[in-house]
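Hi everyone, thanks for coming. I'd like to walk you through one protein today, with an eye on its aromatic side chains.

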Amino acid sequence: MLIRHLFQLLNEQPRLLETLTYEQISRFIRLTIALKNDIIAAQPSEHDPSSPPGRLPVYQCNFLSQICDIPQQYINTCWIAVSSIVWGHLEDESERYNDKDFEAWHVGDEFGLSGQTLWPPTHQCFQCPSTSLLREKDGLFSVTLFTLRNGARATYATYLTCSVQYHPNYYVQHGRRLYYEAVPSVLEVTKHVYVERELAALFLGQMLMSWTSATNAAHMYNTILASTEIPTNTLGQRSTSKLAQEHVWDAVIILSLLEYFGRSGRLLDVPHIYDQSHRFQEAMHFRNTLIAEGGQELDHHYCNRCMRVLMVNGVPCMSKIHALVVDGICIGRPCCAYQGEACKKPLPSNKHRFCIDHTPEALVCAVTSCRAGVETGFLTCHDRFHRQLETNRKERQKSMFYLSQVHHRHGISNPSDSIDPTDIADDVELADGPEEPQKSTTFAVDCPDKEEINPKLRAMFGRNRTHAEVVMHRPCGIMIRRKTCYKAETLSHITDSFHWLDNHGLLPDVSFYDNNCRLYRYLRAHDDPLLGKLALPVDVFHWKSKHKKSDIDCSYHCSPYSFPELRINEHGQWYFNSSIAEQNNIWLGGYHSMLREMGHVKYDYFLDEMILRWNRMTLAKLSSFSPSELPR
């Protein structure tokens with residue numbers, strides 16, 4: 001705005017130039033811009049919100065007169081002069097937290113006014129033909145807004161209603177929350193807690209870059225960012241200023257869901273009546289299904305690091321090699337402890353040992369080879385050897401060194417709570433035994449007394465845990481598919497994933513896998529057509545150190561040296577990075593402690609979200625390698 005324009009507007013109103021100072025009119029404009037939604041809400045229902053009203057409500061005039069030190073009789077005259085400037089001003093979120101006006105909003109609290117009030121983005125219903133202004137149903141209510149640059153701020157929020165309720169982030173219709181198309185600048189994580197979008201993005205970045213748990217993200221915010229100095233009589237005295245780990249998780253999930261649904265042209269639609277801990281399960285499960293059935297965002301990727309165009313006399317020929325690297329990583333989540341065929345049914349909660357279908361198994365002795373009924377108060381039957389297993393387990397849990405053993409056994413190097421690292425599993429009963437791959441793939445207890453008890457006895461006193469994730473990587477670092485293995489990393493899991501790739505036109509020409517020799521025999525035994533479409537070399541390191549050269553499958557069919565197209569020259573240089581899986585697994589393994597207590601829906605959603613964002617970062621680094629996509 002030009003000063004000349006402002007001068008002309010003021011000059012059109014009698015005596016304003018002789019009465020007001022620049023500081024007074026500047027503050028008047030700044031405050032009325034912040035109060036634009038309050039001004040609209042106070043107008044008659046037939047008012048057009050796209051045009052400024054001719055007069056301000058009496059209580060707003062009183063507030064502005066008191067704060068700007070402008071006589072009452074000049075308030076509406078001043079408004080007439082500058083209303084076009086106020087109405088044409090584009091909202092700037094950085095102005096929301098201008099503490100120059102702190103004292104003004106402290107006084108405004110008495111009038112129910114705040115420059116930081118969170119309003120719906122519309123004052124008219126877009127679900128019905130009426131153009132009347134929407135009305136507040138329950139008035140303003142106090143909320144805490146957590147911001148990136150300005151700490152925790154106490155403010156108000158409100159919602160408007162007709163037949164539909166309009167909230168700052170969403171509208172409610174027929175018991176469903178439908179989020180607006182644009183990702184809002186602040187995210188409602190509970191009715192009285194909002195998180196700034198930039199702060200939620202920071203939490204996502206911390207999880208992606210440094211494996212920061214929601215608990216530790218909340219600790220860091222409360223210790224560092226929320227300590228922004230605000231005058232002692234801030235409105236924050238009437239609201240909480242502590243960010244909880246539940247707020248962090250909700251902000252991360254809501255932001256990522258809004259971004260995903262926005263990219264696909266859908267509105268995020270969730271139940272309105274559920275509690276917050278279950279509200280987004282349906283939407284997360286929906287996205288999990290889309291990715292499981294349709295693939296990751298970058299699954300059609302190729303570039304010069306994962307696809308080689310063969311050359312003849314220095315000229316590209318009509319032949320290419322698109323490569324893939326397959327490997328498993330032992331991260332997992334709780335699952336049903338049923339000892340028969342792998343059960344994929346979800347647990348009712350992480351405090352349960354069995355899924356609903358296998359609940360009767362809780363009445364069976366925990367020793368895996370025994371089917372006798374348990375005795376009251378115990379997890380084992382009357383057999384004295386079985387009972388001794390349970391007794392020894394309870395005694396070990398009370399010992400001083402139990403905690404360090406649990407941390408070691410569960411592979412926890414970065415606890416999810418750095419302030420209280422002993423809280424590794426809340427009150428959930430832990431399964432005894434290794435979670436990382438060792439000689440046994442069951443999570444059980446070896447017999448403690450080899451002289452009196454059969455050392456082959458195994459018992460499952462807690463939940464089971466999924467065994468591993470099989471991940472398919474392009475040699476350039478892009479991860480295109482992930483599959484959960486419940487009890488073991490089987491060849492059928494690998495084959496199923498290859499068939500999915502084949503059905504979607506993504507089957508590579510060559511796939512590196514450290515167990516390709518057995519995979520080759522498996523495909524041959526099942527007369528699988530994949531065998532004629534796919535070269536199966538073992539990566540060089542594993543072939544040299546872990547495979548028999550006397551075996552025909554290892555030494556010939558799966559030897560990397562049997563495929564000269566994989567080499568750049570005869571001096572040992574290889575075109576593809578077949579060790580990329582181990583490199584990516586270092587990053588994936590950092591999520592072990594964060595994932596280990598997640599439910600099945602959140603586990604899949606979080607892993608897919610982190611892989612999606614990691615792939616985008618990797619793609620940005622591949623700009624010099626001619627990245628593109630296969631036809632869809």
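I'll start with the overall picture and then go to the rings.

Please keep in mind that this is a predicted model. The protein has 21 helices and 19 strands. There are 632 residues, and 50% of them count as buried. The accessible surface comes to about 30300 Å², with 53% of it belonging to carbon and sulfur atoms. Among contacts with a separation of 6 or more, 66% are between residues 24 or more positions apart.

Now to the aromatics. The count comes to 15 aromatic pairs. One of them joins tyrosine 166 and tyrosine 171: the ring centres are 5.8 Å apart and the planes meet at 35°, so this pair is tilted. Tyrosine 166 is buried, at 0% relative accessible area, and tyrosine 171 counts as buried too, at 7%.

For an edge-to-face case, look at tryptophan 587 and tyrosine 591, with 5.4 Å centre to centre and 90° between the planes. Both of these residues are buried. They also belong to one aromatic cluster, together with Trp249, Phe606 and Trp614.

Which charged ends sit over rings? Lysine 191 has its charged end over the ring of phenylalanine 141, 5.1 Å from the centre. Arginine 287 lies over the face of tyrosine 260, at 5.1 Å from the ring centre.

Last stop: phenylalanine 111, in the loop between α7 and β1. Is phenylalanine 111 buried or partly exposed? Its relative accessible area is 24%, so it counts as partly exposed. Phenylalanine 111 touches residues including Tyr59 and Phe63. Phenylalanine 63 is 48 residues away in sequence, yet 7.2 Å away in space, C-alpha to C-alpha.

Note on methods: Residues are numbered from 1 along each chain as its sequence is written. This is a predicted model: local features need pLDDT of at least 70, side-chain atom pairs count only at pLDDT 80 or more; totals for chains, interfaces and linings use all residues. Side-chain values use heavy atoms; hydrogens and water are left out. Helices (H or I, at least four residues) and strands (E, at least two) are DSSP runs, numbered from the N terminus. Buried means under 20% relative accessible area, exposed over 50%, partly exposed in between (1.4 Å probe, protein chains only). Contact means heavy atoms within 4.5 Å. Accessible areas come from the Shrake-Rupley method with a 1.4 Å probe; for residues, only the protein chains shown count as cover. Rings of Phe, Tyr and Trp (its six-membered ring) pair if their centres lie within 6.5 Å; planes under 30 degrees apart count as stacked, over 60 as edge-to-face and the rest as tilted. A charge sits over a ring if NZ of Lys or CZ of Arg is within 6 Å of the ring centre and within 35 degrees of the ring normal. Lists of a residue's contacts leave out its neighbours within four places in sequence.
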